[in-house]
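Here is a short report on selected loop residues and backbone angles. The structure comes first, then the notes.

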Amino acid sequence: MKITQLSSYLLVMIVIVHLVTGCGIPTTKENKNSTVTPEADPAATLVEENKPVVQPPPEPFPPGIEPNEVGRVMILMYHQIDEPEGEWTRTPANFRRDLTKLYEAGYRLTSLNDFLDNNIKIPAGFSPVIITFDDGTQGQFNYLNDGDTIRIDPDSAVGILEEFYQAHPDFGLAAT
């Protein structure tokens, strides 16, 4: 094997070992029969008055309790961002939808290197997700030349991630 192939093989094996040996993060179940009253939750009153509800930031972990940073972490691999949608291809519109769904489900980006270094820095109450790209196509990273300016293609994966980050800075900006 060549050194680059061996390095790639070792990286994949490390990721697989981390995924297979990871422990699940304990979760709590809310009482689905409970009702929220305006007295118990001032946000309930705001909803009734058609005012926007601002969620407070999640509480930090209690002293001495740290997040399980070696638990299971979802890794999504995209081969190509392009048209049309196919087995190995995700359209720019669907990639944007994927990011929105991840964000709304409480996922936040972390880099593969941070995961491997056991250094996941996302707020409490959120789940890490790793996005990787394979094949190095123009759909993943591309420049557009508009005559006087050169800019990142807004429909490339990098352009889409940067656009999403501008709208949702708490989602993070990391990919491999």
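## Aspartate 135

Aspartate 135 sits in the loop between strand 5 and strand 6 (143-145). Its phi is near 85°, a positive value in a residue other than glycine. Strands (E, at least two residues) and helices (H or I, at least four) are DSSP runs, numbered from the N terminus.

## Basis of the values

This is a predicted model: local features need pLDDT of at least 70, side-chain atom pairs count only at pLDDT 80 or more, and totals for chains, interfaces and linings use all residues. Residues are numbered from 1 along each chain as its sequence is written, and side-chain values use heavy atoms, with hydrogens and water left out.

## The loop between helix 4 and strand 5

Asparagine 118 lies in the loop between helix 4 and strand 5. Phi of asparagine 118 is positive, near 55°, and the residue is not glycine. Asparagine 118 has a relative accessible area of 39%, so it counts as partly exposed (buried is under 20%, exposed over 50%, partly exposed in between; 1.4 Å probe, protein chains only).

Lysine 121 belongs to the loop between helix 4 (112-116) and strand 5 (127-133). Lysine 121 is exposed because its relative accessibility is 66%.

## A cis peptide bond

Which form does the peptide bond from glutamate 83 to proline 84 take, cis or trans? The bond is cis, with omega near -10°. Proline 84 is found in the loop between strand 2 (80-81) and strand 3 (89-90).
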